[in-house]
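Student: Could we go through a few local features of this model together, taking each one step by step?
Tutor: Gladly; here are the sequence and the structure.

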Amino acid sequence: MPEPTKKEENEVLAPAPAPPPEEPNKEKEAGTAPAKEPNKEKEAGTSPGKEWSIGESPAGEEQDKQNANSQLSTLFVEKPQGGTVKVGENITFIAKVKAEDLLRKPTVKWFKGKWMDLASKAGKHLQLKETFERHSRVYTFEMQIIKAKENYAGNYRCEVTYKDKFDSCSFDLEVHESTGTTPNIDIRSAFKRSGEGQEDAGELDFSGLLKRREVKQQEEQPEVDVWELLKNAKPSEYEKIAFQYGITDLRGMLKRLKRMRRVEKKSAAFAKILDPAYQVDKGGRVRFVVELADPKLEVKWYKNGQEIRPSTKYIFEHKGCERIMFINNCALTDDSEYYVTAGDEKCSTELFVREPPVMVTKQLEDTKAYCGERVELECEVSEDDANVKWFKNGEEIIPGPKSRYHIRVEGKKHILVIEGATKADTAEYSVMTTGGQSSAKLSVDLKPLKILTPLTDQTVNLGKEICLKCEVSENITGKWTKNGLPVQETDRLKIVHKGRIHKLVIANALVEDEGDYVFTPDAYSVTLPAKVHVIDPPKINLDGLDADNTVTVIAGNKLRLEIPISGEPPPKAIWSRADKAIMEGSGRIRAENYPDSTTLVIDIAEKDDSGVYHINLKNEAGEAHASIKIKVVDIPDPPVAPNVTDVGDDWCIMTWEPPVYDGGSPILGYFIERKKKQSSRWMRLNFDLCKETTFEPKKMIEGVAYEVRIFAVNAVGISKPSMPSKPFVPLAVTSPPTLLTVDSVTDTTVTMKWRPPDQIGAAGLDGYVLEYCFEGSTSAKQSDENGEAAYDLPADDWIVANTELIDKTKFTITGLPTDSRIFVRVKAVNAAGASEPKYYSQPILVKEIIEPPKIRIPRHLKQTYIRRVGEAINLVIPFQGKPRPELIWTKDGAPIDKNQINIRNSETDTIIFIRKAERSHSGKYDLQVKVEKFVETASIDIQVVDRPGPPQLVKIEDVWGENVALSWTPPRDDGNTAITGYTIQKADKKSMEWFTVIEHYHRTSATITELVIGNEYYFRVFAENMCGLSEEATMTKESAVIAKDGKIYKNPVYEDFDFTEAPMFTQPLVNTYAIAGYNATLNCSVRGNPKPKITWMKNKVAIKDDPRYRMFSNQGVCTLEIRKPSPYDGGTYCCKAVNDLGTVEIECKLEVKGGLSFCRLLLQGVPPNIIDSYLRDLHSSNPEEY
């Protein structure tokens, strides 16, 4: 359990309950002060279940403190202790953490004060160390202060965190000035403090002497009564008791009370209380959890004594006996004390919101100025919009609308602006952040001032203009005050400054304008006074109220209605209600009168206090009357239990009646909650108010019982919940089956296929029912293109095709008359009943239909199909046509030898299978599909390749120096594919070991270099194609001798090689199809020198400046991208390449399929031939939409 961070000692008497106490720190050796006991004084008198016992032995007290500490500290095994050090000396604080249950090193931070992180201050005077003892598995963290200074004194804190565990400890450091030694006085013993009730204090223990003196003074008071009062009083009453009975050593008495043994009574309401403290970074999220002994107890959360209401910042959850509160987006304002109540008991905690330190990166600079000038002091900090405080001579500068000091923030720059500097502004200014500070001096000189025209007293009538004018010798600014308060410029009040003349002009004088006006030049002690007297009858100012003068107050709250009044002389105010005067006094409803206002006070507002209240004003100048309507409102009554009128698969429709009493304020809306019947956790369904009295909850689980309830909301708050509705169970039929299509038709049967429903639900799927009716019957339905009925007629003549439910998604309707037309529909059936029927889009003719043949060549077979010798060839060619087509295969125009090539035919495809491919299997294969008089043909090119043979002849053309020129002729057998290169090897005649010198060489001649002089070499060459190197190589018949004696080398004469080449397509365009709405690309590759110019055309028309097309060309690869094509983008596309040597073109066909429906069917696994048939049926039924 984390330990609370120590607060300042002036918070000891806070009325809120405090966390459990921790073990007090033991006193250090001589020269140190006893450590403070954090938060111990908070508990005195806060828990009603505490019992106090006096005179217990110290051993028992220490044992109880150790037990309490063992429950509080979860990480520390030794905490740093407070201490005292002299100026210039060193001191070390040690913290130890047990690592038995930790998988990695915990994180430890040292702080001074509340937020100053000391990690950034390490250096000459501060060192942080850490060690690890492997045998005892204890981490030791040390903070050493070197050559302490007086400003090092204060409160320090050590925090340790590991994952979700947190522990902290506070300790104090006192720094004293170093004093010289006196021969006759032992300094260590002189400052020794007195023990617990002992008289062993040193001579210089002034606090001990003061305690003894104050104790003697207290002996004259009834000490026994005071002790009893303090023991039984709340912490908020300590100061009152001390003042009443003259107690001067209140802190000493509270420490004695704190040392008394306390018997803690186990909480009857909480099974698990809040942790003593929580820590969270600014902007983070914190979670408070308590566990109740009785889950029926009502729990309320409070912050600084004020109840917390649910909102987006404060979120409450109930989990069994646990009650959880989340605080989102924590800010510094959330750093406070929180407590939760359950019944008559409560427990509390503290939340610490941490903000990283801000450093000063640019220091302030000394500045000189003259009176009346604008002065700016500028510094820079490490973060944008950081919290920076300015000080003048050590006192904080708080800018305001009437202050001459303004603070301007520009990112990391913070500027203090002094408007119209005066001599009083001469001071030392400093800026302080959470991680640093800077200071500078400002010097302001004063000039002499003469009054040329003073102000004069004026008496004006109400509504007239007031003009106060004066003139001084300097052109400086000044301030106007009225009755000692600064005058602010408004639309009616204008302050004019022209050169040395200052004017205060008030248009339409009011009674409020009467008073003593003073003009004070800035930076001077001279004042120019004037009195203004305004005569006015009494008036009542109701501008702060609504248009109908209505004041709304919440029942149970206190109303203090202050009405400004005016008049000269001040009028007398009388409040009344129903001709009955409201007197001044101490009643629940009373009036309070002041010179400039009158107040109506209602201590505890009740419903009967609503009504009209009258105000009467009277003075010598006249009378004034006004009426105010007071309306007392409250939260509404809970609504009646809602009714669930309709239920679906995951939804329901609920209705309710408004509450009988709306609390005096209109109902703004309702909150709806639901829960499972077997659960106790309610879930809010709407975060925006529901304005109607009906609601449709969604996202429920089918087959699970639910209950719902209602909260009414008005301007005052949220009512109590209504009674839960009657339990209901969401359950619904499935959605209709999908993709109902005709599979086949004969003269007496129709075979239908469909897909399962998209949504089945918790009730499952039991089977399908297929129904049909003949065209012309009264039950026939006219349907749209999606298979949905346009209107519904009585269905009396629908015939059930299957007497029992079927599980399969295919069924054949038999016994149908030839040439009749039928409508077909299918339903899905489950425990909730039959779904909505899925209709076929048009009547079906019972007659076998001739479907022209069509061959679907796969994309990879539209190019030459290449396989190596010995590999298997298995090609599947889908086709369509009805009745079953007749298939004929030929190779190079001749029938196929079925002994070598296997042909397998089915109703929808044909398969050509070769177990082991041979070179003889290469060729052009033609497929002919025939249905009666309709014929469809297609061709496939198959190329079977093998490794090439060796080159025919290898010759040594020339030998010179260390070089040999070789040439060879290509092999007779290229393996039925192009030769891609050659590999050349050499061998010394002595060893005849072959070594490769050149690989993947494309020419038929080469020069071998860097041969060894004096050796004799043979050479051989391998041919290479896409299958690999030839099995054999061709070797030179003669050897090449590298002679030792040099010979004259003749440079060969080379003719310039002609690299020019006419354009040629190395990879053609391929016929393809695209899906409407999805980008499509056409690719080909071309070569040529000079580089050819590429032009794309569609249907023989060049494509230019069309944003729907993008053209790319990279390393000879040409790409045309068509953005989101539509069916109109289909056609013949041509790529044209042109250079000086010629022109070449290549074409392909692009077919754009029918958009989202085709894509959706293809993704669902429907074969393309069935998709085409389905789309063709849609096209024939509704040609105008295609």
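Student: How many bridges join strand β49 to β52?
Tutor: In this predicted model, strand β49 covers residues 652–655 and runs antiparallel to β52. Within this pair, methionine 654 stands opposite phenylalanine 695 of β52. The number of bridges joining β49 to β52 is two.

Student: Which are the edge strands of the open sheet?
Tutor: The sheet is open and has three strands in the order β48-β49-β52, with antiparallel pairing. An edge strand here pairs on one side only, and this applies to β48 (643–647) and to β52 (694–695). The edge strands are therefore β48 and β52.

Student: Is serine 922 buried or exposed?
Tutor: Serine 922 lies in the loop that links β69 (909–914) with β70 (923–931). Leaving aside neighbours within four places in sequence, serine 922 is in contact with Lys891, Asp892, Ile942, Gln943, Val944 and Asn976. Because its relative accessibility is 17%, and the cut-off for this class is under 20%, serine 922 counts as buried.

Student: How far apart in space are glycine 411 and serine 382, C-alpha to C-alpha?
Tutor: In sequence, glycine 411 and serine 382 are separated by 29 residues. In space, their C-alpha to C-alpha distance is 9.8 Å.

Notes. Residues numbered from 1 in each chain as written. Predicted model: local features only at pLDDT ≥ 70, side-chain atom pairs only at ≥ 80, totals over all residues. Heavy atoms only, no water. Helix = DSSP H or I, 4+ residues; strand = E, 2+ residues; numbered from the N terminus. Buried < 20%, exposed > 50% of the residue type's maximum accessible area, 1.4 Å probe, protein only. Contact = heavy atoms within 4.5 Å.
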